[in-house]
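Please look at the sequence and the model below, then read on.

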Amino acid sequence: MTATAIRPNKAAETLPDEIKVSELHKYHGRQLRNIVVSYQIGEPKWRNTAQKDKLIEKLTEHFPGGVIQVPKAGEIMPGKKMVKTKVAETAAAVKAEPPLPGLLLPKSDETFVFSTNTRAYVSALGRMAKNGEDVMNTLLAGPQGCGKTSVAYEFAARMNMPLLKMNCPMVREPRDWFGAKMAAEGRVYWDKALFAEGVARGNVVVLLDEITRATPQVLNTLLPLLDWTRETYVEEAKELLKVGPNTFFFATANIGAQFTGTFKLDSALADRFGAIVECAFLPDVEEAGLLVKRSGISEDVAKRMVKVATLVRAENQNTGRLTETVSTRTLLEVARLYSAMQEKAFHFTVLPKFSADGGKQSERAQVVGFIQGQFPGFTLN
Ligand SMILES: Nc1ncnc2c1ncn2[C@@H]1O[C@H](COP(=O)(O)OP(=O)(O)OP(=O)(O)O)[C@@H](O)[C@H]1O
Ligand SMILES: [Mg+2]
């Protein structure tokens with residue numbers, strides 16, 4: 001993975017007079033000497049000490065060393081949700097943190113289609129973050145190839161945030177999350193893992209991809225980080241790892257009996273994902289539209305392809321007569337190949353997934369029937 005810049009150079013920016021609470025993170029690390037909070041929020045929930053303390057905590061976190069003047073409880077005025085800052089020496093702005101190698105900066109994919117539910121959820125999550133509210137951890141669950149991983153990429157892209165992707169099947173030991181002791185030139189030092197570093201810095205979307213393919217032992221070490229404490233003590237490093245501000249945890253999982261080689265998501269872990277988004281294949285019209293946009297095939301052909309997939313999915317999900325399915329990922333490959341070889345594309349994409357054992361009674365024969373129903377010219381030769 002290549003190094004990617006995660007923040008613009010703060011020293012080059014002019015600081016505004018007023019900063020929204022939800023945008024404090026954008027100014028993270030600036031050396032504000034004198035921070036005057038002149039407005040508090042009109043909503044009743046902010047008119048209490050706990051909320052005020054929370055605001056001070058936020059300000060301290062973002063502007064370490066700044067002197068913060070906040071109105072006393074009785075002086076809290078209804079008003080805009082703003083923090084007014086007075087900056088004694090803007091020139092003292094600290095240098096931006098160096099970029100963290102290994103983080104991705106996803107670009108939004110214009111062809112990506114959110115299902116109605118998923119769109120509603122990710123928009124709400126984005127709004128909560130913008131309002132400075134604590135956000136929940138998100139589990140994206142659903143069949144293979146329906147766009148779960150892509151949702152996390154899209155969310156990061158649309159939030160303009162870097163993405164820290166952890167490929168969970170590759171995480172074998174707790175050190176892959178946290179780091180390891182290393183020795184060089186006679187000295188022992190702690191080599192912090194990318195995950196720990198990214199999580200501690202914050203302003204990041206953390207994707208725990210294919211979480212059910214990591215062992216429960218390895219996942220257990222994440223439990224404290226994912227609960228309300230948002231911190232864990234790393235014994236080997238003698239260090240408290242705290243989740244940084246604006247850290248969004250997403251996990252993806254294929255949950256269901258057909259996913260062999262996966263572990264059941266431990267209930268303690270599942271419980272730490274406050275929101276579970278049940279992902280599914282797109283509705284027919286939208287999936288066909290996606291095929292057209294990505295491959296340039298005609299709408300008619302795309303619709304017929306989706307019909308084949310829908311029939312296979314029903315047999316897979318409802319009756320279990322087919323042991324495999326046809327994902328959006330596979331359909332996209334069919335569509336791409338179709339432009340070059342028309343319906344022969346099914347031979348190299350869909351059919352090899354289905355066993356030919358049993359001749360005319362085989363799973364493959366059943367799928368051939370579905371294809372021929374939509375593409376009458378399709379033959380096995
Ligand atoms: N709703 C969608 N809109 C656009 N593209 C999609 C959508 N769903 C799936 N795709 C495409 O299908 C492919 C697979 O998507 P992705 O890898 O996100 O699926 P997944 O659910 O994470 O699969 P797996 O369970 O195998 O990890 C990608 O090329 C992605 O762009
Ligand atoms: Mg995936």
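Which strands does helix H3 lie across? Helix H3 (residues 148-159) lies across strand E5 (138-141), E6, E9 and strand E12 (247-253), and runs at about 175° to E9. Angles run from 0 to 180 degrees between N-to-C directions, with axes as lines fitted to C-alpha atoms, for helices over the stretch in contact.

The model is predicted: local features need pLDDT of at least 70 and side-chain atom pairs count only at pLDDT 80 or more, while totals for chains, interfaces and linings use all residues. Residues are numbered from 1 along each chain as its sequence is written, and chains are lettered from A and ligands numbered from 1 in the order in which they are written.

**Overall**

- The protein chain has 13 helices and 13 strands; these are DSSP runs numbered from the N terminus (helices H or I, at least four residues; strands E, at least two).
- Among contacts with a separation of 6 or more, 73% join residues 24 or more positions apart; a contact means C-beta atoms, placed from the backbone, within 7 Å.

**The five-stranded sheet**

- An open sheet with parallel pairing has the strand order E6-E9-E12-E5-E13; two strands pair if DSSP finds at least two bridges between them.
- Strands E6 (163-167) and E13 (275-278) are at the edges with a single partner strand each, so one side of each has no neighbour in the sheet.
- On average, neighbouring strands of this sheet are turned by 20° against each other, direction ignored.
- E6 is joined to E9 (residues 204-209) by five bridges, and Asn167 has Asp209 in E9 as its bridge partner.
- E5 has four parallel bridges to E12 and four to E13.
- Thr138 is opposite Phe250 in E12 and has Ala275 as its bridge partner in E13.
- Both faces of E5 are covered, with Thr138 and Leu140 buried on one side and Leu139 and Ala141 buried on the other.

**Nonpolar cores**

- The largest nonpolar core holds 49 residues, of which Ala152, Val205, Val206, Leu207 and Phe250 touch the most other members; such a core is a set of buried Ala, Val, Leu, Ile, Met, Phe, Trp, Tyr and Cys residues joined through C-beta atoms within 7 Å.
- H3 gives this core its largest share, six residues.
- A second, separate core of 25 residues includes Leu290, Val301, Val306 and Val334.

**Around ligand 1**

- Ligand 1 is surrounded by 17 residues, the closest being Gln144, Gly147, Lys148, Thr149 and Ser150; a residue counts as near if its C-beta atom, placed from the backbone, lies within 6 Å.
- H3 and helix H11 (328-341) each supply at least two residues of this shell.

- Strands E7 (residues 179-184) and E8 (residues 187-192) run antiparallel and are joined by six bridges, with Lys181 opposite Trp190.
- Two residues lie between these strands in the hairpin, where Glu185 takes a positive phi near 50°.
- Ala193 is in the loop between E8 and helix H5 (194-201), and it counts as buried because it has 20 C-beta neighbours inside 10 Å.
- Ala193 is 15 residues from Phe178 in sequence, and their C-alpha atoms are 5.1 Å apart.

Technical notes. Contact = placed C-beta atoms within 7 Å. Buried ≥ 20, exposed ≤ 12 C-beta atoms within 10 Å, placed from the backbone.
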